[in-house]
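Here's a walk through one model, with the sequence and coordinates to hand. Grab your viewer and follow along.

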Amino acid sequence: MKLRNTAITRANSACLPMGDRLDFKYNSVNEGDERKGGHGIPKVSMVPLIFLIFYEVSGGPFGIEDSVKASGPLLAIVGFLVFALIWSIPEALITAEMGTMFPENGGYVVWVSSALGPFWGFQQGWAKWLSGVIDNALYPVLFLDYVKSSVPALGGGLPRTLAVLILTVALTYMNYRGLTIVGWVAVFLGVFSLLPFFVMGVIAIPRIEPSRWLQMDLGSVNWGLYLNTLFWNLNYWDSISTLAGEVENPKRTLPRALSYALVLVVGGYLYPLITCTAAIPVVREQWSDGYFSDIARILGGIWLHSWIQGAAALSNMGNFLTEMSSDSYQLLGMAERGMLPEFFARRSRYGTPLIGILFSAFGVILLSWMSFQEIIAAENYLYCFGMILEFIAFIKLRMTHPNASRPYKIPLGTIGAVLMIISPALLIVVVMALASFKVMAVSIMAMIVGFVLQPCLVYVEKKRWLRFSISADLPDLSDSQEAAENDTVPLTF
């Protein structure tokens with residue numbers, strides 16, 4: 001059921017700082033035995049959720065080769081370790097706390113709206129959705145890059161354009177059919193994509209020369225490529241929050257799934273980096289996208305080369321599926337909070353956000369002309385803007401609502417929480433500063449569009465040109481310290 005709200009009511013009851021609204025409880029969080037949502041659609045369980053997070057963040061070690069090209073073996077290996085510590089772990093911890101505090105499909109949009117108000121909540125949603133769509137435009141292109149060696153006609157021109165359209169339509173239809181299907185497809189693709197790297201690492205062990213790990217030349221490091229590659233491969237932990245309303249027992253499932261996925265992602269990067277950089281002589285110029293398949297041919301032969309190429313191609317499909325799910329459910333969650341027109345909240349007969357899926361697919365097709373490096377830089381810039389808002393919202397809610405129910409709470413006080421986000425915040429500044437003028441200009445223009453779009457939507461609602469509403473089914477928060485203590489779920493990294 002949907003309740004009609006004016007723009008003023010919506011701002012007061014849904015999107016402004018929720019000081020008064022924190023007196024209520026998210027009933028769905030405490031009804032952990034529910035396996036189906038209100039639409040009768042099965043919710044996502046632990047194993048599919050782990051692999052949905054895996055594909056939101058990673059999808060396997062495809063694309064990490066540029067870290068070696070930019071810096072050499074030592075800095076690449078150290079970089080993935082350090083970035084995991086200063087970026088991935090804090091972001092995953094914040095997602096676990098805030099995602100269980102607000103277990104609904106708006107995800108980080110609701111976090112920011114609750115702390116900073118509807119305007120900044122909308123900016124968060126706009127920047128993150130646009131970043132996700134830009135990211136998703138990359139995967140059909142990467143898929144074709146992997147298969148064009150077998151089908152040269154897909155290297156360019158009309159056949160390539162048609163192939164991008166066909167792939168986008170086919171994968172969009174899979175999203176339309178249901179999130180549980182996407183989740184189990186992600187499990188299959190994840191196992192298929194990681195297994196050849198495990199085999200290649202075992203084959204590489206007899207040929208390992210540890211001295212090769214120590215190669216480093218600080219004077220020749222391409223810091224922009226290095227940082228963007230690390231950042232791109234270790235971010236988006238918060239994306240799963242936009243699916244929290246579709247998760248079975250999110251207060252326990254989400255924190256644990258994040259911890260398991262963290263091990264899977266970081267291990268999936270370090271294992272092939274450590275084994276392959278020491279098994280063959282490192283020529284940095286050769287370490288570009290797809291080079292792992294060349295190493296597979298050297299170490300194992302054509303069969304392993306073909307396996308990794310096939311895994312790489314299919315992994316891009318997994319990335320596309322999960323990213324589109326996150327983007328489309330985010331739009332649904334924003335509509336359920338009255339931030340977008342009501343038609344964005346309509347679900348298909350499979351329980352999926354039909355309009356959100358179509359909008360996300362259209363955005364992917366429009367942006368598929370961008371180059372690989374431009375896509376990474378542009379999405380990183382917009383993503384950084386959104387993360388700044390998330391960090392501010394996280395700290396503000398800790399300070400203004402310390403006793404609100406948090407089924408999982410990071411075991412740090414306010415000062416500890418501030419210290420935890422200092423390193424990620426500095427990293428954001430560096431990544432944004434290293435952006436090219438073109439990327440910076442386009443990203444700033446995109447954010448300006450968001451600044452104009454939100455008040456325009458408020459005006460549209462006041463004029464009643466489109467219908468906006470807040471879902472009557474949304475659960476509420478509790479400000480009970482006792483409930484927070486009883487429901488807290490341990491999460492260790």
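## A buried ion pair

E104 is buried, and R337 is buried too; that word stands for under 20% relative accessible area, with exposed being over 50% and partly exposed in between (1.4 Å probe, protein chains only). The two form a salt bridge, with their closest N and O atoms 2.5 Å apart. Salt bridge here is a side-chain nitrogen of Lys or Arg within 4 Å of a carboxyl oxygen of Asp or Glu. The pair ties together distant parts of the chain, 233 residues apart: E104 sits in the loop between α5 (73-101) and α6 (108-116), and R337 in the loop between α14 and α15.

A word on where this comes from: this is a predicted model, in which local features need pLDDT of at least 70 and side-chain atom pairs count only at pLDDT 80 or more, while totals for chains, interfaces and linings use all residues. Residues are numbered from 1 along each chain as its sequence is written, and side-chain values use heavy atoms, with hydrogens and water left out.

## The other salt bridges

The structure holds 9 salt bridges. One set is a network that links E97, R398 and R406. R212 and E209 also pair up, at 3.5 Å from N to O; R212 is buried at 13% relative accessible area, whereas E209 is partly exposed at 39%.

Then there's D294 with R297, at 3.2 Å from N to O. Both belong to helix α13 (residues 291-299), and because they are 3 residues apart, about one helical turn separates them. An α-helix has 3.6 residues a turn, so residues three or four places apart point the same way. D294 is partly exposed at 28% relative accessible area, and R297 is partly exposed at 42%.

E56 is found in helix α3 (residues 46-57). Leaving aside neighbours within four places in sequence, E56 is in contact (heavy atoms within 4.5 Å) with N235, Y236, S239, L243, T322, E323 and S326.

Most residues other than glycine have a negative phi, and most peptide bonds are trans. Y236 lies in the loop between α11 and α12 (250-279) and is buried, at 4% relative accessibility. N249 lies in the loop between α11 and α12 as well, with a positive phi near 50 degrees and 16% relative accessibility, so N249 counts as buried.

As for α6, 8 of its 9 residues are buried, so the helix is largely enclosed by the rest of the structure. Among those buried residues are Y108, W111 and A115.

## Cavities and a pocket

A search of the whole structure finds 6 cavities of 30 Å³ or more. On a 1 Å grid over the protein atoms alone, a cavity is a set of points where a 1.4 Å probe fits but cannot get out, and a pocket is an open set with protein on both sides within 12 Å along at least five of seven lines; lining residues have an atom within 4 Å of a point. Grid points are joined across faces, edges and corners, and a volume is the space filled by probe spheres set on the points.

The largest cavity has a volume of about 200 Å³. Its lining has 24 residues, with S58, F62, Y139, W232 and N319 nearest the centre. The largest share of that lining, 5 residues, comes from α14. The second largest pocket holds about 350 Å³ of space. Of its 18 lining residues, W126, W129, L331, F359 and L453 lie nearest the centre, and α7 gives the largest share of the lining, 6 residues.

## The chain as a whole

The secondary structure comes to 19 helices and 2 strands; these are DSSP runs numbered from the N terminus, with helices being H or I of at least four residues and strands E of at least two. Of the 493 residues, 60% count as buried.
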